Amino acid sequence: MKLFVDTGDTEEVRRASDWGVLDGVTTNPSLIAKSGKGFRETVLQICELVPGGDISAEVVATDYDTMLKEAIEIASWHPQIVVKVPLIEPGVQLVRTLSDRGIRTNVTLVFSVSQALLAAKAGATYISNFVGRVDDISDDGMDAVAATVDMVHQYGFDSQVLVASVRHPLHVVQSVACGAHVATMPLKIMEMLFKHPLTDIGLQRFLDDWNKAGLKIFG
Ligand code: E4P
């Protein structure tokens, strides 16, 4: 499963990239606005920080013609860019156009299998299925992810299911369990993936024993 970091903060991207396990970055208009920097400048810096990674950058218009102009502009910035498009009627139409032109897309704000079906049929590269925002309203966001993964396999769609709106490591574990292709998450959640109390206890014991014995690696 690919791991993406969900941020518009280039320092966070740098930190995640340093671990050597990062496959890409997702941004959205809110995250870019929060970064306090320009859209193009931020996305291009992120591309440099994650060589070869897929970097999602979102259109902000909601009518087809303007969305198309924005998508072509954004895609022209860097070959690593994946154009993020909301799951609305002109968005699905746009994904079909971009897919036919060989421009990769990430369909965002997907909450149901019926929406995911439209995205897959339009040729989406990634389908961003949001889970946390569904959990927030007392439903189980992972249900739609599991059903979408099944749908993609059953009908042989090329789209990859990207679990978005990840709120905690259990969402990552559940993403793995249902065979999602990608999970994107804030840096703080990615940091939590490292943690296990037995790792800390075990490491401390190894180091205490080593030091007590006065052992050395060098010299
Ligand atoms: C995904 O690409 C979105 O940017 C993101 O995961 C949304 O997460 P949120 O629901 O925590 O805002």
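Tutor: Let's begin with a definition: a salt bridge is a side-chain nitrogen of Lys or Arg within 4 Å of a carboxyl oxygen of Asp or Glu. By that rule, a search of the whole structure finds six salt bridges. This is a predicted model, where local features need pLDDT of at least 70, side-chain atom pairs count only at pLDDT 80 or more, and totals for chains, interfaces and linings use all residues. Residues are numbered from 1 along each chain as its sequence is written, and side-chain values use heavy atoms, leaving out hydrogens and water.

Student: What makes Arg104 and Asp54 a salt bridge?

Tutor: Their closest N and O atoms are 2.7 Å apart, and the cut-off is within 4 Å, so the pair qualifies. Arg104 sits in the loop between α5 (89-100) and β5 (105-110) and Asp54 in strand β3, so the bridge ties together parts that are 50 residues apart in sequence. Helices (H or I, at least four residues) and strands (E, at least two) are DSSP runs, numbered from the N terminus.

Student: Why is Asp54 called buried?

Tutor: Buried means under 20% relative accessible area, exposed over 50%, and partly exposed in between (1.4 Å probe, protein chains only). Asp54 has 12%, so Asp54 counts as buried. Arg104, at 28%, is partly exposed.

Student: And why is Asp136 called exposed?

Tutor: Asp136 has 52% relative accessibility, so the label is exposed. Asp136 meets Arg167 in a salt bridge, at 2.5 Å from N to O. Arg167, at 38%, counts as partly exposed.

Student: How do you know that the buried residues of α3 line one face of the helix?

Tutor: In α3 (residues 39-49), the residues Thr42, Val43, Ile46, Cys47 and Leu49 are buried. Down the axis of α3 they fall within an arc of 165 degrees, so they line one face. The arc is that of the directions from the helix axis to the C-beta atoms. Among the elements covering them are α1 (10-18) and β4 (81-86), where contact means heavy atoms within 4.5 Å.

Student: Where do Arg14 and Glu11 lie, and how far apart are they?

Tutor: Both lie in helix α1, three residues apart, about one turn of the helix. An α-helix has 3.6 residues a turn, so residues three or four places apart point the same way. Arg14 and Glu11 form a salt bridge, with the closest N and O atoms 3.0 Å apart.
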